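Hi,

Here is the structure I promised to pass on to you. Have a look at it first, and then read my notes below.

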Amino acid sequence: TTIANAAGPVMASYLLLKRMPKEQLVATGAWFFLTVNVAKLPIYAVNGLISSGSVTFDLLMAPLVVCGALTGFGLITRISQRVFDVLTLALAAVSALFLFR
(Lines give C-alpha, C1' and ligand atoms only; values in the text may rest on other atoms or scores of the structure.)
Protein backbone atom coordinates (compact mmCIF):
# COMPACT_ATOMS: atom_id res chain seq x y z
CA THR A 1 0.00 0.00 0.00
CA THR A 2 2.81 2.40 0.85
CA ILE A 3 4.52 1.76 -2.46
CA ALA A 4 1.25 2.25 -4.36
CA ASN A 5 0.58 5.53 -2.54
CA ALA A 6 4.13 6.72 -3.15
CA ALA A 7 3.73 5.87 -6.83
CA GLY A 8 0.94 8.42 -7.34
CA PRO A 9 3.10 11.55 -7.68
CA VAL A 10 5.74 9.71 -9.71
CA MET A 11 3.16 8.21 -12.05
CA ALA A 12 1.37 11.54 -12.55
CA SER A 13 4.66 13.26 -13.35
CA TYR A 14 5.67 10.52 -15.78
CA LEU A 15 2.35 10.56 -17.61
CA LEU A 16 2.48 14.35 -17.86
CA LEU A 17 5.96 14.13 -19.37
CA LYS A 18 4.52 11.78 -22.00
CA ARG A 19 2.12 14.66 -22.87
CA MET A 20 -0.86 12.45 -22.19
CA PRO A 21 -4.25 14.19 -22.50
CA LYS A 22 -5.92 14.83 -19.14
CA GLU A 23 -8.74 12.35 -19.72
CA GLN A 24 -6.31 9.61 -20.70
CA LEU A 25 -4.01 10.40 -17.76
CA VAL A 26 -6.84 10.14 -15.23
CA ALA A 27 -8.17 6.94 -16.81
CA THR A 28 -4.71 5.35 -16.90
CA GLY A 29 -4.15 6.19 -13.23
CA ALA A 30 -7.57 4.84 -12.28
CA TRP A 31 -7.01 1.54 -14.09
CA PHE A 32 -3.49 1.19 -12.69
CA PHE A 33 -4.53 1.71 -9.07
CA LEU A 34 -7.64 -0.46 -9.51
CA THR A 35 -5.36 -3.27 -10.68
CA VAL A 36 -2.95 -2.75 -7.78
CA ASN A 37 -5.78 -2.72 -5.23
CA VAL A 38 -7.50 -5.81 -6.67
CA ALA A 39 -4.15 -7.62 -6.59
CA LYS A 40 -3.93 -6.88 -2.85
CA LEU A 41 -7.32 -8.46 -2.06
CA PRO A 42 -6.06 -12.05 -1.70
CA ILE A 43 -3.30 -10.91 0.66
CA TYR A 44 -5.82 -8.99 2.78
CA ALA A 45 -8.16 -12.00 2.81
CA VAL A 46 -5.43 -14.45 3.88
CA ASN A 47 -4.40 -12.12 6.70
CA GLY A 48 -7.97 -11.74 7.94
CA LEU A 49 -8.19 -8.06 7.05
CA ILE A 50 -11.51 -8.41 5.24
CA SER A 51 -14.53 -8.75 7.53
CA SER A 52 -18.26 -8.33 7.26
CA GLY A 53 -17.82 -4.97 8.96
CA SER A 54 -15.26 -3.76 6.45
CA VAL A 55 -17.39 -4.95 3.51
CA THR A 56 -20.45 -3.22 4.99
CA PHE A 57 -18.46 -0.01 5.39
CA ASP A 58 -17.22 -0.31 1.79
CA LEU A 59 -20.78 -0.73 0.53
CA LEU A 60 -21.91 2.30 2.54
CA MET A 61 -19.11 4.38 1.00
CA ALA A 62 -19.84 3.24 -2.58
CA PRO A 63 -22.34 6.07 -3.26
CA LEU A 64 -19.71 8.60 -2.19
CA VAL A 65 -17.21 7.01 -4.56
CA VAL A 66 -19.71 7.36 -7.40
CA CYS A 67 -20.34 11.01 -6.44
CA GLY A 68 -16.60 11.64 -6.41
CA ALA A 69 -16.18 10.06 -9.83
CA LEU A 70 -19.01 12.12 -11.29
CA THR A 71 -17.63 15.30 -9.72
CA GLY A 72 -14.17 14.52 -11.10
CA PHE A 73 -15.62 13.89 -14.54
CA GLY A 74 -17.44 17.21 -14.40
CA LEU A 75 -14.31 19.06 -13.31
CA ILE A 76 -11.99 17.52 -15.86
CA THR A 77 -14.26 18.51 -18.73
CA ARG A 78 -14.33 22.13 -17.53
CA ILE A 79 -10.64 22.86 -17.01
CA SER A 80 -8.04 23.37 -19.72
CA GLN A 81 -5.20 20.96 -20.35
CA ARG A 82 -2.69 23.62 -19.23
CA VAL A 83 -4.44 24.22 -15.88
CA PHE A 84 -4.74 20.46 -15.36
CA ASP A 85 -1.02 19.97 -16.04
CA VAL A 86 0.02 22.74 -13.64
CA LEU A 87 -2.35 21.54 -10.88
CA THR A 88 -1.24 17.93 -11.30
CA LEU A 89 2.45 18.82 -11.09
CA ALA A 90 1.89 21.12 -8.10
CA LEU A 91 -0.15 18.52 -6.22
CA ALA A 92 2.35 15.79 -7.09
CA ALA A 93 5.15 17.97 -5.67
CA VAL A 94 3.20 18.62 -2.46
CA SER A 95 2.42 14.90 -2.14
CA ALA A 96 6.07 14.02 -2.66
CA LEU A 97 7.07 16.47 0.08
CA PHE A 98 4.64 14.81 2.49
CA LEU A 99 6.16 11.42 1.68
CA PHE A 100 9.57 12.68 2.81
CA ARG A 101 8.25 13.78 6.22
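Predicted model: local features only at pLDDT ≥ 70, side-chain atom pairs only at ≥ 80, totals over all residues.

Residues are numbered from 1 along each chain as its sequence is written, and side-chain values use heavy atoms, with hydrogens and water left out.

**The overall picture**

The protein chain has four helices and zero strands, and its pattern along the sequence reads α-α-α-α. (Helices are DSSP runs of H or I with at least four residues, strands are runs of E with at least two, and both are numbered from the N terminus.) Along its principal axes, the C-alpha trace spans about 45 × 30 × 25 Å. Of the 101 residues in the chain, 16% are buried; that word means under 20% relative accessible area, while exposed means over 50% and partly exposed is in between, using a 1.4 Å probe and protein chains only.

How far can you trust the model? The pLDDT score is the predictor's confidence in each residue, from 0 to 100. Its mean over the protein chain is 90, and 95% of the residues reach 70 or more.

**The loops**

Back to Ile79, which is partly exposed because its relative accessible area is 27%. Leaving out residues up to four places away in sequence, Ile79 touches Lys22 and Phe84. Ile79 and Lys22 are 57 residues apart in sequence, and their C-alpha atoms are 9.6 Å apart in space.

Ser51 is in the loop between α2 and α3, and counts as partly exposed at 38% relative accessibility. Ser51 and Thr71 are 20 residues apart along the chain, with 30 Å between their C-alpha atoms.

The loop between α1 and α2 holds Arg19. Arg19 is exposed, as its relative accessible area is 75%. Its phi is near 60°, a positive value in a residue other than glycine.

**A residue in α4**

Is Thr88 buried or exposed? Thr88 is buried, because its relative accessibility is 14%. It is found in helix α4 (residues 81-100) and, not counting residues up to four places away in sequence, touches Ala12 and Leu16.

**Two rings**

Rings of Phe, Tyr and Trp (its six-membered ring) pair if their centres lie within 6.5 Å; planes under 30 degrees apart count as stacked, over 60 as edge-to-face and the rest as tilted. By this rule there is one aromatic pair. The centres of the Phe32 and Phe33 rings are 4.9 Å apart and their planes are at 80°, so this pair is edge-to-face. Phe32 is partly exposed with a relative accessible area of 36%, and Phe33 is partly exposed too, at 23%.

**The largest pocket**

A pocket is found on a 1 Å grid over the protein atoms alone: it is an open set of points with protein on both sides within 12 Å along at least five of seven lines, and its lining residues have an atom within 4 Å of a point. The largest pocket is lined by 13 residues, and Val26, Ala30, Val65, Ala69 and Gly72 lie nearest its centre. Both α2 (22-46) and α3 (52-78) supply at least two residues of the lining, and α3 gives the most, with seven.

Conventions
Contact = heavy atoms within 4.5 Å. 1 Å grid on protein atoms, 1.4 Å probe; cavity = no way out; pocket = protein on both sides within 12 Å on 5 of 7 lines; lining within 4 Å.
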